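Here are my notes on the model, point by point. Please read them with the coordinates open.

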Amino acid sequence: MRRFAELYRSLDAATGSNEKVALIERYFREAPPHDGAWALYLLSDKKKSALSSGALRQRFTELSSVPDWLFEECLSHVGDVAEPVALLLHTLPQVEREDPSLDALARASLSRWMEREL
C-alpha cells in the first residue's frame, strides 16, 4: 500500500510526461503482479469510481465540521465534489499516529486491501 501511495504522490508532483512514465515503469518493475494489476486499474481513466460523488459528499460531511451550506457554496463554484473535499480535508479530525492499524494498512499489499474493500 505504501509503495502505491508513494507512486501516486510522485505522479501528482511530477510535471513532465517522461518523468511520469519513468515513475510508472519503476513501480510496475518492482510491484508484485497482483498489486500491479490493481495499480493499473486505479490509474486507468476507464474505471468506474469506487465511491460515488454523493457517497463521498455524505461521508465527508459526516466526518467533518463543515456545515452543509458551506460545502454547497464551495461546490457551486467548482462543480466537482472531489475539489471541495480536497480543499477542506484539514477540517477532519486528526487520526492518532500511534494507531497500529495505520501501520498495518501501510504494510498491506495493494491487492489484498482492494480485494477486501471492494
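1. Contacts in the chain with a separation of 6 or more come to 56% from residues 24 or more positions apart. Contact here means heavy atoms within 4.5 Å.

2. A word on provenance. This is a predicted model, in which local features need pLDDT of at least 70 and side-chain atom pairs count only at pLDDT 80 or more, while totals for chains, interfaces and linings use all residues. Residues are numbered from 1 along each chain as its sequence is written, and side-chain values use heavy atoms, with hydrogens and water left out.

3. The fold is helical. The chain has 8 helices and 0 strands. Its elements run α-α-α-α-α-α-α-α from the N terminus on. Helices (H or I, at least four residues) and strands (E, at least two) are DSSP runs, numbered from the N terminus.

4. Burial next. Of the chain's 118 residues, 21% count as buried. Buried means under 20% relative accessible area, exposed over 50%, and partly exposed in between (1.4 Å probe, protein chains only).

5. Which residues form the largest nonpolar core? There are 11: Phe4, Leu7, Leu11, Ala14, Leu23, Tyr27, Ala31, Trp38, Ala39, Leu110 and Met114. Two or more residues each come from α1, α2 (17–30), α3 and α8 (110–117). The largest share, 3 residues, belongs to α1. A second, separate core has 7 residues, including Val66, Phe71, Val81 and Val85. A nonpolar core is a set of buried Ala, Val, Leu, Ile, Met, Phe, Trp, Tyr and Cys residues joined through side-chain atoms within 4.5 Å.

6. Now the packing of α1 on α3. The axes of α1 (residues 2–13) and α3 (residues 33–43) come within 11 Å and cross at roughly 35°. Axes are lines fitted to C-alpha atoms, for helices over the stretch in contact, and angles run from 0 to 180 degrees between N-to-C directions. The crossing of α1 past α3 is right-handed, that is, the near helix is turned clockwise from the far one by less than a right angle.

7. The side chains at that crossing deserve a look. From α1, Phe4, Leu7, Tyr8 and Leu11 meet Ala39, Leu42 and Leu43 of α3. By class, this contact has 7 nonpolar, no polar and no charged residues. Ala, Val, Leu, Ile, Met, Phe, Trp, Tyr, Cys and Pro count as nonpolar, Asp, Glu, Lys and Arg as charged, and the others, Gly among them, as polar.

8. Why do the buried residues of α3 lie on the same side? Asp35, Gly36, Trp38 and Ala39 are the buried ones. They cover an arc of only 165° around the axis, so they fall on the same side of α3. The arc is that of the directions from the helix axis to the C-beta atoms. On the other side of α3, Pro33, His34 and Leu40 are exposed.

9. Leu43 lies in α3. Its relative accessible area is 27%, so Leu43 counts as partly exposed. Leaving aside neighbours within four places in sequence, Leu43 is in contact with Phe4, Leu7, Tyr8 and Leu11.

10. Last, Ala82 in helix α6 (residues 82–87). Ala82 is partly exposed, because its relative accessible area is 37%.
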